[in-house]
Amino acid sequence: MNKRIAVIPGDGIGPEVTAQAVKVLNAVGKRFDHTFEYEYCLMGACAIDQTGDPLPDATIEAALRSDAVLFGAIGDPKYDNDPGAKVRPEQGLLRLRKTLQLYANIRPISTYAALEHLSPLNPDRLKGVDFVIYRELTGGIYFGEKKTDGTRASDDCVYTREEIERIAHPAFQQARRRRKKLTLVDKANVLETSRLWRKVVQEVATQYPDVAVDFLFVDNAAMQIIVNPAQFDVMLTENMFGDILSDEASVISGSLGMLPSASIGKGAALFEPIHGSYPQAAGKDIANPMGAILSAAMLLDHLDLPREAKTVREAVDWAVQQKIVTRDIDPDSTHYTSTVGDMIADAVQYEITFGARLQNILMSHSTII
Ligand code: IPM
Ligand code: MN
């Protein structure tokens with residue numbers, strides 16, 4: 001199979017982690033006989049520096065003619081503390097989401113036994129934690145009208161029935177493939193938009209009678225994610241609540257650096273780790289590439305290559321178990337972003353899979369050395 005992938009490395013650690021994801025995709029290509037053609041494009045602070053525009057037209061065009069977009073990270077501290085900046089890196093990502101109509105952002109939250117000690121939660125709360133957040137991504141307060149006269153500012157939050165329905169259906173379908181539970185998170189006791197979400201989701205739910213639905217106010221949901229995260233299966237929510245809750249939920253797994261995401265919609269889909277640009281680590285080869293590599297696995301699933309995606313996930317599991325990790329995961333590790341990427345790519349390409357045989361290979365290596 002031959003696929004075109006638009007690669008947007010972005011800012012900060014984006015280029016380093018994206019390079020590891022590309023390595024792993026190339027390993028998948030060799031092992032399973034696929035060709036991935038990459039087209040590299042600019043977005044974010046690096047694009048502003050080079051072109052003045054956080055999302056140059058060339059990037060939109062490349063994304064539109066691609067089968068999928070692989071994205072690294074966005075943001076630069078020089079804009080964060082300058083509320084007056086007219087052009088901001090994040091505008092690039094928001095405009096790309098809108099242009100490609102990527103209305104559903106999917107963020108799976110899973111735990112790794114080997115990383116339990118890094119989680120801020122007690123191990124007994126981590127048992128059975130496995131849920132996925134469906135965050136609406138192209139509506140709500142992010143995209144409503146923005147006004148300011150310098151002393152008064154407003155951001156409109158608008159949702160339409162159609163915007164809610166089009167993400168509710170894939171979320172229910174996902175729940176059907178999983179443990180058949182969907183939780184809508186809203187603030188229906190206060191917000192009109194949330195009352196519309198509740199009404200529409202209740203209607204959509206009648207088409208999925210096998211899925212149990214419950215409703216949580218967002219403040220309660222923020223608490224439940226800490227107190228009892230194992231209760232969730234599919235969590236559906238609007239744009240800003242999803243932004244906040246997915247960062248909160250991400251630390252459950254022990255590290256923000258482990259988590260991938262997919263944004264799907266009408267145009268090509270986009271895959272990115274959920275972490276930010278981590279500027280303090282940029283260029284040091286120390287950032288955790290696993291979120292990016294697991295995003296490549298989601299990309300493979302999206303291209304209807306589930307066997308290939310599974311192989312990548314198994315290679316990541318193996319690396320975590322073998323402590324082939326960066327120092328955010330294990331402070332004693334001697335591995336770097338690039339070496340973790342190399343070893344996961346090798347594990348994928350050379351079928352060094354996973355279990356007793358591999359243990360033997362590693363043990364015999366260590367005895368020889
Ligand atoms: C995310 C990010 C973005 C968002 C920023 C960079 C605009 O935090 O993808 O979650 O708020 O959506
Ligand atoms: Mn966010």
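Predicted model: local features only at pLDDT ≥ 70, side-chain atom pairs only at ≥ 80, totals over all residues.
**Entry: the domains**
I began with the layout of the chain. The domain assignment gives domain 1 (1-102 + 256-369) and domain 2 (120-253). I then looked up how far apart they sit, and their C-alpha centres lie 25 Å apart. As for where they touch, the contact takes 10 residues from domain 1 and 10 residues from domain 2.

**Entry: where the ligand sits**
Next I turned to ligand 1. Both domain 1 and domain 2 give residues to the shell around ligand 1, so the ligand lies between them. I also checked the pockets, and the space that ligand 1 takes is the second largest pocket.

**Entry: the shell**
Which residues surround ligand 1? I noted I74, E90, R97, R107, R135, Y142 and D243. Sorting this shell by class, I got 5 charged residues, 2 nonpolar and no polar.

**Entry: polar atoms at the ligand**
For Y142, the distance from a side-chain N or O atom to a ligand oxygen is 2.5 Å. For R97, the corresponding distance is 2.7 Å. For R135, a polar side-chain atom lies 2.8 Å from an oxygen atom of ligand 1.

How much of ligand 1 does the protein bury? Taken alone, ligand 1 exposes 320 Å², and the protein buries 77% of that.

**Entry: recap for myself**

Conventions
Residues numbered from 1 in each chain as written. Chains lettered and ligands numbered in written order. Heavy atoms only, no water. Near = heavy atom within 4 Å. Polar contact = N/O pair within 3.5 Å; in protein donor to acceptor, adjacent residues only side chain to side chain. Areas by Shrake-Rupley, 256 points an atom, 1.4 Å probe, with all protein chains shown as cover. 1 Å grid on protein atoms, 1.4 Å probe; cavity = no way out; pocket = protein on both sides within 12 Å on 5 of 7 lines; lining within 4 Å. Sits in = over half its atoms within 2 Å of the grid points. Nonpolar A, V, L, I, M, F, W, Y, C, P; charged D, E, K, R; others polar. Domains from an automatic or database assignment. Contact = heavy atoms within 4.5 Å.
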